[in-house]
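Here is a short briefing on one protein chain. Please look over the sequence and the model before reading the notes.

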Amino acid sequence: SEFARHDKLGHFVFYFVFVFLWGNYVFHNRQTRNRTLFFLFCTALILGGIMELFQELFTERRTADIFDMLANLVGTLAGIGVLYLYKKQLWKSKNI
């Protein structure tokens, strides 16, 4: 349905922006490390999983949806990928 497509797009956009902005903040306050990217990835996925679980357990009109979690995952990966490329380009421009 039309709502389902918009819902998944919303999940993707939220996690993309969430990871990119949070990661950008972290990287401006400490050195870029792969461990930090992994932490961002895990935190975003855990947060998404907990929110889906809470929807299932504590609401009557919402249910957990594996496709919402998949959209969260893809948004998280895209956010980390763009963040990595952005930081790499920023680092290159500062060392020229």
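How does isoleucine 50 count: buried, partly exposed or exposed? Isoleucine 50 has 40% relative accessibility, so it counts as partly exposed; buried would need a value under 20%, and exposed one over 50%. The residue sits in helix 2, and the model that holds it is predicted. The notes below start with the whole chain, then take the helices, the core, the surface patch and the salt bridges.

**Overall architecture**

- The protein has 3 helices and 0 strands.
- Along the sequence the pattern reads α-α-α.
- Along the principal axes, the C-alpha atoms fill a box of roughly 55 × 25 × 15 Å.
- Buried residues account for 26% of the 96 residues.
- Take the contacts between residues at least 6 apart in sequence: 73% of them join residues at least 24 apart.
- The accessible surface is about 7,000 Å². Carbon and sulfur atoms hold 68% of that surface.

**Helix 1**

- Helix 1 contains 28 residues. From first to last C-alpha it reaches 41 Å, close to the 40 Å expected at 1.5 Å a residue.
- Its buried residues are Asp7, His11, Tyr15, Val19, Phe20, Gly23, Asn24, Val26 and Phe27.
- These buried residues of helix 1 pack against helix 2 and helix 3.

**Helix 2**

- Helix 2 covers residues 34-58, 25 residues in total. At 1.5 Å a residue it should span 36 Å, and its end C-alpha atoms are 36 Å apart, so the two values agree.
- The buried set in helix 2 is Thr36, Leu37, Leu40, Ala44, Gly48, Glu52 and Gln55.
- An α-helix has 3.6 residues a turn, so residues three or four places apart point the same way.
- Cover for the buried residues of helix 2 includes helix 1 (2-29) and helix 3 (66-94).

**Nonpolar core**

- The largest nonpolar core has 9 residues: Tyr15, Val19, Phe20, Phe27, Leu37, Leu40, Ala44, Ile80 and Leu83.
- Helix 1, helix 2 and helix 3 are the elements that give two or more residues to this core.
- Helix 1 gives the most, with 4 residues.
- Leucine 40 is one of the core residues. Its contacts, leaving aside neighbours within four places in sequence, are Trp22, Gly23 and Leu83.

**Surface patch**

- A nonpolar patch on the surface is formed by Ile46, Ile50, Leu53, Phe54, Leu57 and Phe58.
- Together these residues have about 630 Å² of accessible area.
- Phenylalanine 54, a member of the patch, is found in helix 2. Its relative accessibility is 44%, so phenylalanine 54 counts as partly exposed.
- Phenylalanine 54 and glycine 79 are 25 residues apart along the chain. Their C-alpha atoms are separated by 24 Å.

**Salt bridges**

- The count comes to 3 salt bridges. Asp7, Lys8, Asp65 and Asp68 are linked in a network.
- Side chains of opposite charge can pair when their charged atoms come close.
- Lysine 8 pairs with aspartate 7 in a salt bridge, with the closest N and O atoms 3.3 Å apart. Aspartate 7 has a relative accessible area of 16%, so it is buried. Lysine 8, at 22%, is partly exposed.
- Aspartate 65 and lysine 8 meet through their side chains in a salt bridge of 2.8 Å, N to O. This pair links distant parts of the chain: aspartate 65 is in the loop between helix 2 and helix 3, lysine 8 is in helix 1, and the two are 57 residues apart. Aspartate 65 is partly exposed, with a relative accessible area of 22%.
- Lysine 8 and aspartate 68 also meet in a salt bridge, at 2.7 Å from N to O. Lysine 8 lies in helix 1 and aspartate 68 in helix 3, so the pair ties together parts 60 residues apart in sequence. Aspartate 68 has a relative accessible area of 2%, so it counts as buried.

Key
Residues are numbered from 1 along each chain as its sequence is written. This is a predicted model: local features need pLDDT of at least 70, side-chain atom pairs count only at pLDDT 80 or more; totals for chains, interfaces and linings use all residues. Side-chain values use heavy atoms; hydrogens and water are left out. The expected span of a helix is 1.5 Å times one less than its number of residues. Buried means under 20% relative accessible area, exposed over 50%, partly exposed in between (1.4 Å probe, protein chains only). Contact means heavy atoms within 4.5 Å. Patches are made of residues with over 30% relative accessible area and no salt bridge: like charges are joined within 9 Å, nonpolar side chains (Val, Leu, Ile, Met, Phe, Trp, Tyr) within 5 Å. Accessible areas come from the Shrake-Rupley method with a 1.4 Å probe; for residues, only the protein chains shown count as cover. A salt bridge is a side-chain nitrogen of Lys or Arg within 4 Å of a carboxyl oxygen of Asp or Glu. A nonpolar core is a set of buried Ala, Val, Leu, Ile, Met, Phe, Trp, Tyr and Cys residues joined through side-chain atoms within 4.5 Å.
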